[in-house]
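Please look at the sequence and the structure shown below, and keep both at hand while reading.

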Amino acid sequence: MLLRNQTFVSGPLAFIGEEAGYVPSMRERFLGWNVPPEYSDLVHPHWRGFMAPGKYWHIGLALIYSMLLAMSCVGNCCVIWIFSTSKSLRTASNMFIVSLAIFDIIMALEIPMFIVSSFVERMIGWEIGCDIYAVLGSVSGMGQAITNAAIAFDRYRTISCPIDGRLNSKQAAVIIAITWFWVTPFTVLPLLKVWGRFTTEGFLTTCSFDFLTDDQDTKVFVMCIFIWSYVIPLTFIVYFYSQLLKSIRNHEKMLREQAKKMNVKSLVSNQDKERSVELRIAKVAFTIFFLFLLAWTPYATVAIIGAFGNREVLTPVATMLPALFAKSVSCIDPWIYAINHPRYRQELQKRCKWMGIHEPETIHDSASAQTEKIKSDEA
Amino acid sequence: MFPLLFLAFVVAIKVFKKTTPNGKVTVYLGKRDFIDHLDSIDPIDGIIVVENDYLQGRKVYGQVTTTFRYGREEDEVMGVKFSKELVLCREQIVPIKKEKQDMTPVQERLLKRLGANAYPFLFQFPQSSPSSVTLQPGDDDQGKPLGVEYTVRIYVGEHEEDKGHKRSSVALAIKKLQYAPPTRGRKLPSSLVSKGFTFSQGKLNLEVTLDREIYYHGEKVAANVIVTNNSRKAVKNIKLFVVQHCEVTMVNTQFSRHVASLETREGCPITPGASFTKQFYLVPLASSNKDRRGIALDGHLKDDDVNLASSTLVADGKTPSDAMGIVISYSIRVKLNCGTLGGELVTDVPFKLMHPAPGAVEKEKATLKKNKSIERARYENSCYSNDDDDNIVFEDFARLRLNEPE
């Protein structure tokens, strides 16, 4: 709430101050005051119309980001460590989860840079720093998006044809290689300034691709990156999860029909519970879809508004928030995909007793097949 | 003296027993394999013995469930379960609900022997219930194998929905199987195909005929292959496979596995104008397919006598598409290789692979030893009606089964 108030107040204030001929004190400066002329390219004129945010903004963000850094490191390092060292977890499907964790870690690498930048209230390393920061962000951001789509595809294959559909490790490796190819064009082109470029944004302490320059090239670039890194992965996710739900519904229907043919009155799980299988899967699928929206819609909106819409609404605070969303989701990722993985929890419990996870051991020769005994191993 | 004893031993009925972990309730089953005769299925008949004063107002229930497992446990993501359990029937056994109950001879004998605390139970398989099939897991597979299984579960509870306690319940894995009809038909399956080639005249003809329609497990499958080459290409080699087709109706998928194969260059190249005739023999066996993922078997892996899954038979008036669970069929596939440019000529000849019906083998081979035939016939109702009570051999059910109760 406080953030939002600030958003609305700081925008107009900037303009009022300007129009009234109000002379800012030393503490109230315009954004970009500390950028020397030789680096003035890094600051788009748009930002110079806003007041520099107070120190508390920088320090507040730095604090939030350091918490995210800690969470992301613990979560993702655990995932990489356990998934790659435990033999029973080294399956093709889990390669995608490890790949996602690697992208998340790359995103977390940005955070130390950001924290230092926040304290000096400018991008450290100027152009080079900006490029490094933006490359990390672009590789990890687009990588996460497309890896989410790959996970959706893998799950769709596994669930729709449970007997022979699942990807083998070679296919999985090919798909992971494709995710890396996927991130290259929109990372390398702006880095070499062939098409688009990386520049500072918001409080001028973060860097991303330029969506404010008012020329055709930039506008087309923004449109392309929007489709490439947002629309296409989102379409894949929606398509595969809806197909997955469809095949689950088919399986359930087929089974009910067979039970009917056998004159079986009571399925162990009665009709309500059968429904809930579909419902539960739908919930998981929707959570993943929703997290994707949460992570990338703010960024996409800001970029599209910057290129095509009314820029006046793009205050520094409003442009800082999307990055925060994206990074928060990359911290949640390992928890969604891995912590809910029952075998992973077992392994984690074995190795890190201090975490206090109490995952019941699955007993293989028990009749764990009963539908009614479904555990909460969602996602 | 000795032959008499021997005979008495053979005639003795073997009964499988299993006791609950707390030792209070014991289940006796006359057999573990129940045969689907298409027009009827063997009922599941057994006896329960409850210890004196154990129940104290509680009741003993029995239920038969079938479990379809159509995906590996470790692939279960997002909370999906690749297995479904259907309760086929559930009944109260103690106290007896019905006044007078029809009993099978085994039950009558056991009841006489086990005394006052014994209670009979009888479950029927529903018509058109699928046969037991296990898909062999691969090396890296953990968890339960895929397939169709049946379990008889006996538990003590206050009422029917009461799931009962682990200590007072017992589960017995049973199999439902199909046997070949008593006579193997005289029809000889055969297939005739030909192949033309682009840019050249003439055809390559292939005729494959099997010497039987139904084979018993372990028998040689003889395929008579006749190649007549009227084309201008030469046949480089001949390949034969026994293909096991497996249709998983629960998820509407099917797949095939080669369970026996043979490659030969005998008579090759079969040059233009030449012809070739030869009988080839293949033996499809479970033992030659160990550790291959997805091979369908008739029973559990730990059984010594495991064999390839039998072909699924459907009752008259039903189509194979009405069959449920995992539907198995077999064919001989013959491939003629005409080189890289010529391509291949392939044909499939279907056949059935089954267990002989009890007595069928004896009819065919009168030379078979007598004790075997008695053993085969021991389930026929009449043979032990006037036997001495002591001829019951109890065997622990659990010893051969991997399914422990919960």
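How many disulfides does the structure hold over all chains? The structure holds 1 disulfide, a disulfide being a pair of cysteine sulfur atoms within 2.5 Å. This is a predicted model, in which local features need pLDDT of at least 70 and side-chain atom pairs count only at pLDDT 80 or more, while totals for chains, interfaces and linings use all residues. Residues are numbered from 1 along each chain as its sequence is written, chains are lettered from A and ligands numbered from 1 in the order in which they are written, and side-chain values use heavy atoms, with hydrogens and water left out.

The disulfide joins Cys130(A) to Cys207(A), with an S to S distance of 1.9 Å. Cys130(A) lies in helix α5 (residues 126-160) of chain A and Cys207(A) in strand β2 (residues 206-209) of chain A, so the pair ties together parts that are 77 residues apart in sequence; helices (H or I, at least four residues) and strands (E, at least two) are DSSP runs, numbered from the N terminus. The link of Cys130(A) and Cys207(A) is left-handed, with -110° about the S-S bond.

Both Cys130(A) and Cys207(A) are buried, where buried means under 20% relative accessible area, exposed over 50%, and partly exposed in between (1.4 Å probe, protein chains only). Cys78(A) also counts as buried because its relative accessibility is 13%, whereas Cys224(A), with a relative accessible area of 27%, is partly exposed.

Turning to another buried residue, Ile111(A) has a relative accessible area of 2% and is placed in helix α4 (residues 92-120) of chain A. Leaving aside residues up to four places away in sequence, Ile111(A) touches Tyr65(A), Leu68(A), Leu69(A) and Lys327(A), contact meaning heavy atoms within 4.5 Å.

How does α4(A) lie relative to helix α6 (residues 169-183) of chain A, and at what angle do the axes cross? The axes of α4(A) and α6(A) come within 8 Å and cross at roughly 25°, the axes being lines fitted to C-alpha atoms, for helices over the stretch in contact, with angles running from 0 to 180 degrees between N-to-C directions. That makes α4(A) roughly parallel to α6(A), since angles under 35 degrees count as roughly parallel, over 145 as roughly antiparallel, 65 to 115 as roughly perpendicular and the rest as oblique. Among the residues of α4(A) that meet α6(A) are Phe96(A) and Phe103(A), and those of α6(A) include Ile176(A) and Trp180(A).
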